[in-house]
Number of protein chains: 2
Amino acid sequence: MNKLFLTEQFNDSISGVAYKSIHQKKRLLAYFAEHGPSAIGDLRRALHLSVPKVTALLNELMEEQFVKDYGKDNSTGGRPPNLYDLAAESAYFLGVDVHRTFVNIALTDFQKNIVKIKEQVPYTLSNTQESLDALCLLIKSFMKELGQSREKILGIGVNLTGRVNSATGFSYSFFHFEEQPLSEVLKDKLGIQVVLENDSRAMAYGEFAAGVVEQERNVLFLNLDYGIGMGMVLDGQLYYGKSGYSGEVGHMPVFDNNIICQCGKKGCLETEASGWALEERFKTRVRNGATTQLVQNQEHLKTIDLEAIIQVAESDDVLAIELIAEIGEQLGRGIAALINVFNPELVVLGGSLAATGDYIRLPLLSALNKYSLSLVSNDTALKVSNLGNRAGVLGACLLVQHRFLATKA
Amino acid sequence: MNKLFLTEQFNDSISGVAYKSIHQKKRLLAYFAEHGPSAIGDLRRALHLSVPKVTALLNELMEEQFVKDYGKDNSTGGRPPNLYDLAAESAYFLGVDVHRTFVNIALTDFQKNIVKIKEQVPYTLSNTQESLDALCLLIKSFMKELGQSREKILGIGVNLTGRVNSATGFSYSFFHFEEQPLSEVLKDKLGIQVVLENDSRAMAYGEFAAGVVEQERNVLFLNLDYGIGMGMVLDGQLYYGKSGYSGEVGHMPVFDNNIICQCGKKGCLETEASGWALEERFKTRVRNGATTQLVQNQEHLKTIDLEAIIQVAESDDVLAIELIAEIGEQLGRGIAALINVFNPELVVLGGSLAATGDYIRLPLLSALNKYSLSLVSNDTALKVSNLGNRAGVLGACLLVQHRFLATKA
DNA sequence: CCTTCTTTTTGATATTTTTAAAAAACAAGC
DNA sequence: GCTTGTTTTTTAAAAATATCAAAAAGAAGG
């Protein structure tokens, strides 16, 4: 058994005892990843194995440095069990969260801790080979700054906006220059396995695995930015749909207006309930003479952008707060529909607009009561992301880890 | 090993080799249920077991009469493999599909064949103890008519409209008279394990397991009747949501009208795109002088109901067809939203309105092109149910079978 | 009709895994 | 501080399972 048996994940042809061993070990590691420090007894029950077998597996994993003995647990009356958990420094995962004007890069260890993070690294995303090369350069320079952990990086997770098919590794909205899937192209350039993911889905996973989500197994995550994206965790699993295009809530036809959406259609949720709509409305109101902290005279009008509006909202700008509440109220219409369809346990508000906290959450909540079936919406909690703008990178890292520990059937 | 080891499903405490054996056998049976006749080689690969082990398990299952040897497969060049499959007559499942004015009851064998079916048995569903007792009586009298198959019924599936939590066995909209879950109450009355399910979900499962669905793993099933229900199969699993209330698409707020929905809100999808809306519009049009096969004079107006409209549509009544097309078009608005959210491989139209076939499907299809993102909707096929009004009963039967064969982890 | 080729099935052996019993580790009470 | 009770861990024997080689069962071609 190779020390890096984890990388065997892409080898499907193994069978018999070799497969079984890898499978069992992965299940153990996945259990640790989900439940934290555990005793042999817990593992036995969860994996349906005998105690001696678990002991043997743990010994192997400890030999291979993936697992550590974390000492005794509090006694429950008799002999206290030994606790085991993942060895933090045995493997690392790199996450790259690509935005339109910047990139977040982070490295996490095997225990999901952020080892190193660089946020808001300037970068311009465009659908060109140069932009792709620049991204690779950024990643490489980040890796250069790492110590011995560099050799232990098992995989790199990359979040992109738009249409991403995580299973095949294809990105269609950006960097689709070759016949090969982008994940392969990147793997060749960076020398490490690459997992591609849609940005909203990665954020959703971040919150699910290490964020505001606790025990909930059915969670909707809304990525509120200029547009509206959604990532879903259903029955404890990230949901992709047929080709990984799921979660396009921004273009749900819920309004009867005449605003032309970017997608070319009318009545989309995004036309009235997005950061884009917020910015437009804010500008219109200012033009019509509304007062705000943000603009003293018409000259400043062009400095208004979504980020600025969110910022002044935090310092209690009346106009910003009023308009954000409006957005929240209208968003409620869409989310109500989603709650009726999914009956989720939790809806998480994330993305840049979520930074406004209760300013958007409370109006949304009252809209939910108005639009969704009460019995269903009573089942559903509404929380604001607690990872904030780190949800994306963290999600990218953790998704790679998850991929490595995943075993089908 | 008891012959009826299948009933051990509710016993969670078994462990070790006993658990393993049951688990393995169930996996074998589940594989047969999903894939039909299979050779040892297929089973070996799918279950990650050795050939001698599979042989031994099959021998046991054949001893227990659950599996039969179905002779040789066509050779692929060498020795032809033996094919094995479920023994049809080894176990039976009873399904009860409860509607407001009638009940469908059916018995299926272990190979998913309908052994006996009674459709449209008159019955009045109301939320009273009498109605519940009457239902039990119907079921019992159906069972009395069965031969030796009666003793081999492993479980009874019951479909109810409204809010049903299949996991706990509680029904909230109907028959919630005791503290005990309704499934337990029924089990006590009927003497056999009962599985409760929401009607739309059961229909969805019926189509998924034995209907129009082929290889697709992400399927939305629409139950188009007076109201609109939805059942979803996501990643090959029936989706329930937190408490089993998922799929409430009828009350998605997508219109900007002033029609008050049954749920008390305005703008619901149901107000313009349901059987209820169809009937209302039909009546209004007739009142305003439109001509139709259905009504010669105003006297006949009260005989109009959804079923009648669907019937005359089939005999090419212009008004009916025109209005059904309208409904389809408006339904498209809602389904477009769902397609954007789920990126399903297939949307199945079921329920009584689906009997109108292309009359509803084609307008719906063109609306989909109008309202949903083309890239996403190109992924999605739209088909009409092929089980028709048997989807419900069959779904009920097959869901029970599925429950028995299900193994967690 | 026999030989050769391919693939499945069976059987014997080796390995893995479980079971059950013994040992070890700690808490609490005397 | 020792004994007893409880729970975990280790150990060795028993059971289950996989591997590998041999046999069997057809198909194809001469």
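Student: How far apart do the C-alpha centres of domain 1 of chain A and domain 3 of chain A lie?

Tutor: In this predicted model, the two centres are 42 Å apart. Domain 1 covers 5-86 and domain 3 covers 215-386, while domain 2 is made up of 91-205 + 392-405.

Student: Why is Asn257(B) called buried?

Tutor: Buried means under 20% relative accessible area. Asn257(B) has 13% relative accessibility, and therefore counts as buried. The residue is found in the loop between strand E13 (237-238) and helix H7 (270-273) of chain B.

Student: What makes the pairing of the side chains of Asn257(B) and Glu272(B) a polar contact?

Tutor: The cut-off for a pair of N or O atoms is 3.5 Å, with one atom able to donate a hydrogen and the other to accept it. The side chains of Asn257(B) and Glu272(B) are joined by such a contact at 2.6 Å. Another polar contact, of 3.0 Å, links the side chain of Asn257(B) to that of Thr271(B).

Student: Which residues does Asn257(B) touch, not counting those up to four places away in sequence?

Tutor: Asn257(B) touches Lys266(B), Gly267(B), Thr271(B) and Glu272(B).

Student: How do you know that the two copies are related as by a two-fold rotation axis?

Tutor: Chain A is superposed on chain B by a rotation of 180 degrees with 0.0 Å of shift along its axis, at an RMSD of 0.1 Å. The relation is thus that of a two-fold rotation axis. The same surface serves both copies, as 100% of the contact residues of chain A recur in chain B.

Student: Which residue of chain A comes closest to the rotation axis?

Tutor: That residue is Val254(A), whose C-alpha lies 2.2 Å from the axis.

Notes
Residues numbered from 1 in each chain as written. Chains lettered and ligands numbered in written order. Predicted model: local features only at pLDDT ≥ 70, side-chain atom pairs only at ≥ 80, totals over all residues. Heavy atoms only, no water. Domains from an automatic or database assignment. Helix = DSSP H or I, 4+ residues; strand = E, 2+ residues; numbered from the N terminus. Buried < 20%, exposed > 50% of the residue type's maximum accessible area, 1.4 Å probe, protein only. Contact = heavy atoms within 4.5 Å. Least-squares fit on C-alpha atoms with pLDDT ≥ 70 in both.
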